[in-house]
Amino acid sequence: MLHPSYSDLMEVVNSEVEPGEQPVVQSRYSIVMATSKRARQIIGGDEPLVPAKGKKPLSIAVEELYSGKVKIVGDED
């Protein structure tokens, strides 16, 4: 079981969206793409924004997204 779940991640990412606005993330695909992009950045040498001792890059990326350290922005931003 993945923790946090996709629905939990989507709630966190969309938490700053005002009522009536379109959510930033509408699908699991968007979450997967964002976390995989961040994991590749970590593999490429970027410093993790959360404690990373013994964790794999994808786990670090998920934790960064869930804790609000990394934001997903829409295409127009």
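**Helix α3 and its neighbours**

The buried residues of α3 pack against α1 (6–13) and α2. This is a predicted model: local features need pLDDT of at least 70, side-chain atom pairs count only at pLDDT 80 or more, and totals for chains, interfaces and linings use all residues. Residues are numbered from 1 along each chain as its sequence is written, and side-chain values use heavy atoms, with hydrogens and water left out.

Visitor: Which residues of α3 are buried?
Guide: Buried means under 20% relative accessible area (1.4 Å probe, protein chains only). Helices are DSSP runs of H or I, at least four residues, numbered from the N terminus. In α3 the buried ones are Ile60, Ala61, Val62, Glu64 and Leu65.

Visitor: How are α2 and α3 oriented to each other?
Guide: Axes are lines fitted to C-alpha atoms over the stretch in contact, and angles run from 0 to 180 degrees between N-to-C directions. The axes of α2 (residues 28–43) and α3 (residues 57–67) come within 8 Å and cross at roughly 120°. Angles under 35 degrees count as roughly parallel, over 145 as roughly antiparallel, 65 to 115 as roughly perpendicular and the rest as oblique. So α2 and α3 are oblique.

Visitor: Which residues of α3 touch α1?
Guide: The axes of α1 and α3 lie 8 Å apart, at an angle of about 45°. Contact means heavy atoms within 4.5 Å. From α1 come Asp8, Leu9, Val12 and Val13; from α3 come Val62, Leu65 and Tyr66.

Visitor: Which residue follows α3?
Guide: Its phi is positive, near 85°. The residue is Gly68.

Definitions and conventions. Helix = DSSP H or I, 4+ residues; strand = E, 2+ residues; numbered from the N terminus. Buried < 20%, exposed > 50% of the residue type's maximum accessible area, 1.4 Å probe, protein only.
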